[in-house]
Amino acid sequence: MLTGYDRTWLRGDLLAGATVAAYLVPQVMAYAEIAGLPAVVGLWAAIPSMLVYAVIGGSPQLSIGPESTTALLTAAGVGALVAGAGADRYAEVAALLAIAVGVVCLVGWIARLGFLSNLLSHPVLVGYLAGIAVLMMVSQLGNLTGLQLSGDTIWQEVASLAGQWQAVHLPTLALSAVVLALLFGFHRLLPTWPGPLVAMLIAASVIWLGVPGTESIAVVGAVPSGLPAPRLPMLGDLSLLALLPAALGIAVVGYSDNILTGRAFAIRNDQRIEPTQELLALGAANVATGLFQGFPVSSSGSRTALGDSVGSRTQLHSLVAVAVVVATLFLLGPLLAAFPVPALGAVIVYAALRLVDVAELRRIARFRTSELVLALATTLAVLATGVLVGVGIAIALSLLDLIRRISRPHDGVLGYVPGLAGMHDVQDYPEASVVSGLLVYRYDSPLFFANAEDFRARALAAVDDATPPVHWFLLNAEANIEVDLTAVDALEEVRATLAGRGIEFALARVKFEVHQQLEAAGFVERLGRDRVFATLPTGVEAYQRWHRDTYAADPATHPAPGHPDGLDGTRPED
C-alpha cells in the first residue's frame, strides 16, 4: 500500500498515525479486558496486526487491531473452551484462537471465498452490532460499580446487580460517569482530539493525586515492559477441531466488518477493495497476533474514521501508530499501570453505545418493515443465545430472508404503453393495452425448488384471470437467470395444463445457460423449438402470424384488465 507514495501525503499520515495511536492505547487495553485478558495484551495484539496489514492489506485507511466485537467473541469462545482454567492457560488459548482465525481466513483466501462477505445482510449486521453493544455494556457493570457480579448470562448479571445495588462503590461509579461524560463531550465538541486518552489521563491523575475516596478504586496494575518474544502457543489438551467453531464465527464476523468498513472508506475516496485480498491480510494479521500472545483482531471503524478525519492517505499512518505504541510499552509502563479499571469500563461502554446505530434503524424502518424485524430479531438472538450462536443465527436469518424474497417474488402481465418502447407491467400503467388472446407473463426471480410451486400457481392464475380467453401464454424469461430440475418440472406442468386447455406455451428472452439446462432436461423438445424466441417482439409477431393463419385476421388490442401480482389480488408482502 506504500508504493508510489506522494510526499504531499506525509503530513496527513504522520498526524493521523499519532492521533490514532493516542486513541488506540486506552481503547485496545479496554478491549483486552472485554476478552478476559490483561490490559497490556491489547497493545501486544495491536502491533503485529497493524504491521502485517500495512504490508499486504488492500485498504489504504483501514485500522486493524483489537476490536469490540471480536474481543467479546474471544471471551465467549475461550470461556467455553477452558472454563475454570487459570489466567495463563486462558491467555494461551486466546492466542491459539487468533492463529485458528487466521488459518480459517487463509483457507478462505486459497479457496477464493471472498463472497462470504455477503453472508450478513445490512439489517442483520446492524441488529447484530446492537446486540453486541448490549453484551459489552453488561459485561462492564461490575467494573463500573465496583461490585463482583455473578451469572453466565446478561439476565443473571443484571439480576446480580439488582440484588446488591446498595453495595455499589460510589467513588467507582462517579469516576465511571465522569469519564463517560468526558468521552461524549470530546466527541461532540472536539471530535479530532484523542478523547479516550485525555479522559484516561484525567482519571489516572485523580488516582495519583489521591483525591479522597479514590484510594480503593481498582487500577490496571503492573504492566510488563517491552514485547513478548514470538512463539507458537501450546494446544495442550485441546484439539484443532475444538477451536474451529469459535474460529469460524470470529472469522466470518471479522471479515464482514473488514469488508464493510473498507468499502465504506474506499467509496468515499474513489478506491476499490478486493475481497479475496482482505482474507489474506486478515488471516496473516491474526496469525502474527497469535504468535505474539495476542487475541483475534479485525478492523476498527472508529479508529479508521478518526484517521480519515485528520488526513490519513496510506498505511504509513498505521506504521506511525505502531511506533507510538512500541514507545508507550517501553517508556510509559508506570502510567498505563495507573489507568483506573472503571475508566476503561467507561471507554468500553462509550464504544458500545456508538455501535447502536439508531439513525440506521430508523432508515431501515422507513425502507421496509420486514427488514427492521430482521434487525431486531438478530439483536434478540444475540442476547438470548450468546455471541457465537448469535453469529450462526445472524447468517441463517440473512439466508432465510433471501430465500423468502425469491420464493415469492413480483410477477406481472406485460403490455404496450403509449409513448414507451417495449412491453411493461400493466399494473404500473393504467393506460396499458394488451394483444387479444396473448398473455405475456414475467416472473421476477430465478426459478428453483423454493418458488417452483409459487410460479406454477401464479402463472395459471394469471391465465384464469385474463380476458378475453388466452390462446398463447408467452413467458418472458429474462429474469429467470437460473433453473433447477424442480423448476423445470413446474414449467412442464404449466405447459401440459395449458395444452390440455388448448393454449400454446412459448418462451422469449431465454438466457443461453438456461436454454442449455432446459435442453438437457428435455423441456425444449417437449415444448417445440419453434416456441422459443430470442426476443419479445419476435414472440409477439409469431403469435400474430398464428392468429392470422387461424382466424384470418390480426388480433385486436384492448385495455389491460387489472392483474393481481399475488393469488389474493395484492402484491406479495414485504
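1. A residue is called buried here when its relative accessible area is under 20%, and Q293, with a relative accessible area of 12%, is therefore buried. The model is a predicted one, and within it Q293 lies in the loop between helix 11 (275-291) and strand 2 (298-299). Although Q293 is not a glycine, its phi is positive, at about 65 degrees, so a reader checking the backbone may wish to know that this value belongs to a residue counted as buried because its relative accessible area is 12%.

2. Why can strand 7 be described as largely enclosed by the rest of the structure? Five of the five residues of this strand (residues 472-476) are buried, and the description follows from that count. W472, L474 and N476 point one way from the strand, whereas F473 and L475 point the other way, and all of them are buried.

3. On one side of the pairing, strand 6 (residues 438-443) runs parallel to strand 7 and is joined to it by five bridges, with R442 standing opposite N476 of strand 7.

4. The chain goes from strand 7 to strand 8 by way of helix 20 (residues 485-500), in a β-α-β crossover that is right-handed.

5. Turning to the helices, the geometry of helix 13 (residues 316-331) can be checked against expectation: at 1.5 Å a residue, its 16 residues should span 22 Å, and its end C-alpha atoms are 23 Å apart, which agrees. The buried residues of this helix are H317, S318, V320, A321, V322, V325, T328 and L329. An α-helix has 3.6 residues a turn, so residues three or four places apart point the same way. The cover over the buried residues of helix 13 includes helix 1 (10-34), helix 2 (40-56) and helix 14 (333-337).

6. Helix 2 also holds A45, which counts as buried because its relative accessibility is 0%. Leaving out residues up to four places away in sequence, A45 touches P66, T289, G294, F295 and V297. The C-alpha atoms of A45 and G290 are separated by 7.8 Å, although these residues are 245 residues apart along the chain.

7. In the loop between helix 2 and strand 1 (64-65) lies S63, whose relative accessible area of 0% is why this residue is counted as buried. Which residues does S63 contact, leaving aside its neighbours within four places in sequence? They are V20, S298, S299, S300, R303 and T304.

8. The largest nonpolar core has 102 residues, and those with the most contacts inside it are M29, L43, Y128, M136, V179 and F295. M29 touches A39, L43, V220, L336, F339 and L344, not counting residues up to four places away in sequence. Another core, of 36 residues, lies apart from the largest one, and A462, A466, V483 and V514 are among its members. In soluble globular proteins, nonpolar side chains tend to be buried together.

9. For the protein chain as a whole, the secondary structure comes to 23 helices and ten strands, and 52% of its 574 residues count as buried. Among contacts between residues at least 6 apart in sequence, 80% join residues at least 24 apart. The C-alpha trace spans about 105 × 60 × 50 Å along its principal axes, while the accessible surface comes to about 25000 Å², of which 63% belongs to carbon and sulfur atoms.

Technical notes
Residues are numbered from 1 along each chain as its sequence is written. This is a predicted model: local features need pLDDT of at least 70, side-chain atom pairs count only at pLDDT 80 or more; totals for chains, interfaces and linings use all residues. Side-chain values use heavy atoms; hydrogens and water are left out. Buried means under 20% relative accessible area, exposed over 50%, partly exposed in between (1.4 Å probe, protein chains only). Helices (H or I, at least four residues) and strands (E, at least two) are DSSP runs, numbered from the N terminus. Two strands pair if DSSP finds at least two bridges between them. A crossover is right-handed if, with the strands pointing away from the viewer, the path from the first strand over the helix to the second runs clockwise. The expected span of a helix is 1.5 Å times one less than its number of residues. Contact means heavy atoms within 4.5 Å. Accessible areas come from the Shrake-Rupley method with a 1.4 Å probe; for residues, only the protein chains shown count as cover. A nonpolar core is a set of buried Ala, Val, Leu, Ile, Met, Phe, Trp, Tyr and Cys residues joined through side-chain atoms within 4.5 Å.
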